[in-house]
Amino acid sequence: MKKILFLAGSNSSKSINHKLVRFASSLIVGHEAELIKLTDYDLPMYGEDWERERGFSVNLKMLYNKIKDADALVISVNEHNGTVSTYFKNTIDWLSRLDRNFLKEKKVLLMSTSNGKRGAASALEYTKNVLPRFGATVVESFSFPSYSENFSEETDAISNEVLLLGFTDVLQNFVHQIEQ
């Protein structure tokens, strides 16, 4: 049994990326799925002066340990102005300062969603290119378009049957990859 850590790169209290990643975690069978919120690990805006004067916070170390304890990660990234949010980028910056290879030997499923037709595809692409610098192996990805039209808040599930099939296929392929 593998331990899979699920998280969204958003700090919004109404994050649709968190809802998508929560739905994904509910579909995991035969493995331990742990869903966290990055907002539970409050981090200041990264700066060299801050790091030099104050070092690494307890919250950063706790988040780092959550990642280290996991066998694999499922991350859903949000998009602000065509790239990842400053919030998510800041989290990556802090983690990489603590340990440049904080994702070493971690298999990752990347997801993204937005209310637009591209489903935050630019943020997804950016993240696919960045995470391997820190040791990650991105084994699957999924961009979920038009969130409000294709996800039911009432059932907390994907309502579009075609997207649901594609989503579950990607999730199953990811699980198969981490079992090897």
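**Exercise 1. Aromatic rings**

Task: Count the aromatic pairs in this predicted model, and classify the pair formed by Phe144 and Phe151.

Solution. The count for this predicted model comes to ten aromatic pairs. Within the pair of Phe144 and Phe151, the ring centres are 6.5 Å apart and the planes stand at 90 degrees, so the pair is edge-to-face; the cut-off needed for this step is that planes over 60 degrees apart count as edge-to-face. As a general point, the distance of the centres and the angle of the planes together describe a pair of aromatic rings.

**Exercise 2. The largest pocket and Ser15**

Task: Describe the lining of the largest pocket, and then work out whether Ser15 is buried or exposed.

Solution. Begin with the pocket itself, which has a volume of about 160 Å³. It is lined by 14 residues, and those closest to its centre are Ser12, Ser13, Ser15, His18 and Lys37. Sorted by class, the lining has three nonpolar, seven polar and four charged residues. Helix α1, residues 16-26, gives the most to this lining, with three residues.

Now turn to Ser15, which is found in the loop between β1 (3-8) and α1. Its relative accessibility is 7%, and because buried means under 20%, Ser15 counts as buried. The side chain of Ser15 reaches the backbone nitrogen of Asn17 at 3.2 Å. When neighbours within four places in sequence are left aside, Ser15 is in contact with Ala8 and Ser10.

**Exercise 3. The largest cavity and Phe88**

Task: State how many cavities of 30 Å³ or more the structure holds, give the classes of the residues that line the largest cavity, and describe the surroundings of Phe88.

Solution. The structure holds one cavity of 30 Å³ or more, and the volume of the largest cavity is about 80 Å³. Its lining consists of 13 residues, of which Leu7, Ile67, Phe88, Ile92 and Leu95 lie nearest the centre. By class, twelve of the lining residues are nonpolar and one is polar, while none is charged. At least two lining residues come from each of α3 (58-69), β3 (72-77) and α4, and α4 gives the most, with four residues.

Phe88 can then be followed from this lining into the chain. Its place is in helix α4, residues 86-98, and at 4% relative accessibility Phe88 counts as buried. Not counting residues up to four places away in sequence, Phe88 touches Gly9, Leu38, Ile75, Val77 and Thr127. As a check on spacing, Phe88 and Asp71 are 17 residues apart along the chain, and their C-alpha atoms are separated by 21 Å.

**Exercise 4. The polar contacts of His31**

Task: Locate His31, and identify which side chain joins the side chain of His31 in a polar contact of 2.7 Å.

Solution. His31 lies in the loop between α1 and β2 (32-35), and with a relative accessibility of 13% it counts as buried. The side chain that joins the side chain of His31 in a polar contact of 2.7 Å is that of Glu179. A polar atom of the His31 side chain also lies 2.9 Å from the backbone nitrogen of Lys2.

Technical notes: Residues numbered from 1 in each chain as written. Predicted model: local features only at pLDDT ≥ 70, side-chain atom pairs only at ≥ 80, totals over all residues. Heavy atoms only, no water. 1 Å grid on protein atoms, 1.4 Å probe; cavity = no way out; pocket = protein on both sides within 12 Å on 5 of 7 lines; lining within 4 Å. Points joined across faces, edges and corners; volume = space filled by probe spheres on them. Nonpolar A, V, L, I, M, F, W, Y, C, P; charged D, E, K, R; others polar. Buried < 20%, exposed > 50% of the residue type's maximum accessible area, 1.4 Å probe, protein only. Polar contact = N/O pair within 3.5 Å; in protein donor to acceptor, adjacent residues only side chain to side chain. Contact = heavy atoms within 4.5 Å. Phe/Tyr/Trp six-rings, centres within 6.5 Å; stacked < 30°, edge-to-face > 60°.
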